[in-house]
Amino acid sequence: MESLLDVTGSGMEEPPMGEAGGRVIVLTGPPGAGKSTVGGLLADRFALSAHLVADAFWHFIRAGYILPYLPEAHRQNEIVTSILADAACGYARGGYSVVYDGIVGPWFLAELREKSAQAGTELHYVVLRPAEATALGRASARTEAHALTDPEPIRALHRQFRDLGPLEPHAVDSDGLTAEETAALVFEGLGRGSYLLR
């Protein structure tokens with residue numbers, strides 16, 4: 001498939017897709033990493049894209065909602081991430097570049113890998129990892145309803161992304177970068193296949 005010029009007019013070409021014509025880009029990291037801002041900017045770089053903001057899928061729960069970072073939320077989180085995987089792969093199967101932004105630790109990747117393989121779409125995994133102080137400052141300053149602002153869970157989630165083991169090459173040190181610079185860095189990495197899960 002031939003690459004298209006990205007819609008930002010920067011002259012950078014879109015990373016070519018596989019035969020299936022779609023890709024899912026999981027953009028993750030701790031609270032305050034800038035996932036949603038960077039995700040929107042990244043999605044805007046493709047001619048055909050969708051931006052799935054994972055937080056919204058948790059807020060669809062009207063009764064019985066459990067704060068996702070609590071241990072008792074495990075089953076709820078499994079259900080929501082499964083629904084998100086279905087949605088992301090559905091768009092990708094239709095030829096979209098899907099930016100799925102949310103807290104997706106390596107422990108949630110098995111189902112995504114399986115569903116993307118079934119859909120015949122590429123799966124990329126990108127971890128935005130600013131310094132803890134940066135993430136904590138951004139997250140604790142939020143004023144939106146349901147926003148996680150409690151420092152302890154924010155620190156705990158940041159720690160969970162510190163050591164990715166074999167997935168360490170998928171981490172992006174975004175500390176000190178603007179959202180635009182981070183989106184450009186991720187876009188370039190996608191072009192090199194740096195974040196592709198094989």
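Modeller: Gladly! Let me start with a caution: this is a predicted model, and pLDDT stays under 50 over residues 1-11. The model has 23 contacts beyond four places in sequence for residues 1-11. Where pLDDT is low, the predicted coordinates should not be read in detail.

Colleague: Thanks. What is the mean pLDDT of the protein, and what share of its residues reach 70 or more?

Modeller: The mean is 86, and 85% of the residues reach 70 or more.

Colleague: How many helices and strands does the secondary structure come to, and what pattern do they follow along the sequence?

Modeller: There are seven helices and five strands. Read in order, they give β-α-β-α-α-β-α-β-α-α-β-α.

Colleague: How much of the protein counts as buried?

Modeller: Of the 198 residues, 46% count as buried. In helix H1 (residues 35-43), the buried ones are Lys35, Val38, Gly39, Gly40, Leu42 and Ala43. Their cover includes strands S1 (23-28), S2 (49-53), S3 (97-101) and S4 (122-128), along with helix H7 (179-192).

Colleague: What makes a group of residues a nonpolar core, and which residues have the most contacts inside the largest one?

Modeller: The members must be buried residues of nonpolar kinds such as Val, Leu and Tyr, joined through side-chain atoms within 4.5 Å. The largest nonpolar core has 28 residues, and those with the most contacts inside it are Val24, Val26, Leu84, Tyr100, Leu112 and Tyr125. Two or more residues each come from S1, S2, helix H2 (54-59), H3, S3, helix H4 (109-119) and S4. H3 gives the largest share of this core, six residues. In soluble globular proteins, nonpolar side chains tend to be buried together.

Colleague: Which residues does Tyr100 touch, not counting residues up to four places away in sequence?

Modeller: Among them are Val24, Val26, Leu52, Thr81, Leu84 and Leu112. There is also a second, separate core of 16 residues, including Ala43, Val126, Val172 and Phe187.

Colleague: Phe187 is a handy name to have. How do you know that a charge sits over the ring of Phe187?

Modeller: The charged end of Arg45 is 5.2 Å from the centre of the Phe187 ring. The distance cut-off is within 6 Å, with a further condition of within 35 degrees of the ring normal.

Colleague: On to aromatic pairs. How many does a search of the whole structure find, and why is the pair of Phe57 and Phe60 called tilted?

Modeller: The search finds five. For Phe57 and Phe60, the ring centres are 5.3 Å apart and the planes are at 55 degrees. Pairing needs centres within 6.5 Å; under 30 degrees would be stacked and over 60 edge-to-face, so this pair is tilted.

Colleague: Are Phe57 and Phe60 buried or exposed?

Modeller: One of each! Phe57, with a relative accessible area of 18%, is buried, whereas Phe60, at 58%, counts as exposed. The cut-offs are under 20% for buried and over 50% for exposed.

Colleague: And what makes Trp107 and Phe161 a tilted pair?

Modeller: Their centres are 6.4 Å apart, and the planes are 40 degrees apart. Trp107 lies in the loop between S3 and H4, and Phe161 in the loop between helix H6 (151-160) and strand S5 (171-172), so the pair ties together parts that are 54 residues apart in sequence. Phe161 is buried, with a relative accessible area of 0%. Ring pairs link Trp107, Phe108 and Phe161 into a cluster.

Conventions: Residues are numbered from 1 along each chain as its sequence is written. This is a predicted model: local features need pLDDT of at least 70, side-chain atom pairs count only at pLDDT 80 or more; totals for chains, interfaces and linings use all residues. Side-chain values use heavy atoms; hydrogens and water are left out. Buried means under 20% relative accessible area, exposed over 50%, partly exposed in between (1.4 Å probe, protein chains only). Helices (H or I, at least four residues) and strands (E, at least two) are DSSP runs, numbered from the N terminus. Contact means heavy atoms within 4.5 Å. pLDDT is the predictor's confidence in each residue, from 0 to 100. Rings of Phe, Tyr and Trp (its six-membered ring) pair if their centres lie within 6.5 Å; planes under 30 degrees apart count as stacked, over 60 as edge-to-face and the rest as tilted.
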